[in-house]
Amino acid sequence: MVGSMVGNYSWVEPYLESPWVKVMGIFAPSFPAPDAAADVSGEAFHHFIAACAGGAAILAVTSVLAAVGVLLRSCCCSGRRLQLEAPSVKPLICMAFMTFTLTFAGMFVYLLVGHKGVSLTMDAVTHAVSDVTSAAEQGRMLSALGAGASVALNSSIPKCQGSARPFLQQFQRQLESYIECVDQYNSDMEGIPEQLRDLQTSLGEMSDREMYSLLAPLVLVLLCCLAIVLAVCATRSTRGSGRCSNCCIRSLGPLLFAPAILIVGAATSVEFGFSLASASFCKDVDTNALTYIQHFAGNTTYDISRYYISGVGTNPLLDQLHEANETALKLEKTVEKYGSTVATVCADAGPTVKNISETLEAAHAPLNQVDFLLSPANVYPLYKEAIHDDACSTIISGFAWLVIIQYVVGIVCLPTLTCMAEKFMDRWVAYQADRRNPAALGLMPSRIEASRWR
């Protein structure tokens, strides 16, 4: 997971997150209606994808135009003018400084907001994994307790005759009902902890790689700016002719600068399209989530999700546990009422009655623990933190900041800086040539003036 950034920046995080969530929500197209999930043709989704791609295409077109401009500037030579004064490098340095500043500021903001998003997600998933794993373990414990009592009870029934046997058979029926409820709970719970652990592992492996890989376009912009500044500063400090540096800058135009602009534009377009789709989904995230869970997942998963997200219906997992608890309470009352009679009539059933009582007493703690772990008061805050506070707030804000900074520095600042560097190098070459030309300096007549004296 991404390491914590040094310092406390919690005071600034609301200003970095809230504005862009609202802005992206304004520009985001309408998410397909709930009934679109059942549409086999997927026409509604095709329109939605086209709408998101339209916004991304605008950014892509501007990046192509910027790259073409850099190519034309690199390949075309303008008319040469007399240059008697050394061109100033200050505008170029100021532009480069602004580009560097914006790039580093964008990286900082993205990592700050992104780290919060990753941390919230990982904390929520880790908490969920722990709770679900514990709930599954408690279910297996309840099953083991019931199985042990059942074995003891089944071995005692043949040993008891007369009035004790009907009571033991009643114990057996209620115990089997309890075991059936617990087994159904374990069956519904099967696979859920493993799925969450796989999700946790995937997020842990991807968080660092994905977060830092998205900074690659900004790093490319930094490399391009650094190459320009080094070439210009080296020429200016050595006061050379500038021809080699000028040729280098112009060669890097089609080889490095234009491809870099296209790469930044492509990355920005994809991220912008993803942000629009996410913002659209998050306009009514609860309804959209339940709609597509119902379509793509099973009924049990949908019922559980609806119970936690909307508070509607019941939770099949808790239903089984509540039924098991009620059955255990009934059995406990039956044993309390008839247990002493059975032990008196059939001495061999005494240890069995004691075993059942101890089993029921030991089952209270696991049942109460599972009831708490799977309660809405414990589960819904995890959903709210991971979805509402993270995916639909922090992550969208992080992508929005990344899109804005990449567009400004990669499609506006970098082409501008490239053109300024080429213009400076052209003027520097002209200046170095003219200051060594006596005719240009007015120290001797030009060829035209000399011909008049002939």
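Read from one end of the sequence to the other, the chain follows the pattern α-α-α-α-α-α-α-α-α-α-α-α-α-α. In this predicted model, there are 14 helices and zero strands. Of the 454 residues in the chain, 44% are buried.

Helix H4 covers residues 164–189, which amounts to 26 residues. The distance from its first C-alpha to its last is 38 Å, close to the 38 Å expected at 1.5 Å a residue. After H4 comes glycine 191, with a positive phi near 90 degrees.

Helix H4 also takes part in a feature of the surface. Glu176, Glu180, Asp183, Asp319, Glu323 and Glu326 form a negative surface patch. At least two residues of this patch are supplied by H4, and at least two by helix H10 (316–345). One of the patch members, glutamate 180, is located in helix H4. Glutamate 180 counts as exposed because its relative accessible area is 57%, and the cut-off for that class is over 50%.

Helix H2 (residues 43–75) contributes the largest share, three residues. Is leucine 72 buried or exposed? With a relative accessibility of 52%, leucine 72 is classed as exposed, since the same cut-off of over 50% applies.

Notes:
Residues are numbered from 1 along each chain as its sequence is written. This is a predicted model: local features need pLDDT of at least 70, side-chain atom pairs count only at pLDDT 80 or more; totals for chains, interfaces and linings use all residues. Side-chain values use heavy atoms; hydrogens and water are left out. Helices (H or I, at least four residues) and strands (E, at least two) are DSSP runs, numbered from the N terminus. The expected span of a helix is 1.5 Å times one less than its number of residues. Patches are made of residues with over 30% relative accessible area and no salt bridge: like charges are joined within 9 Å, nonpolar side chains (Val, Leu, Ile, Met, Phe, Trp, Tyr) within 5 Å. Accessible areas come from the Shrake-Rupley method with a 1.4 Å probe; for residues, only the protein chains shown count as cover. A salt bridge is a side-chain nitrogen of Lys or Arg within 4 Å of a carboxyl oxygen of Asp or Glu. Lys and Arg count as positive and Asp and Glu as negative; His and the chain ends are not counted. The place of a charge is taken as NZ of Lys, CZ of Arg, CG of Asp or CD of Glu. Buried means under 20% relative accessible area, exposed over 50%, partly exposed in between (1.4 Å probe, protein chains only).
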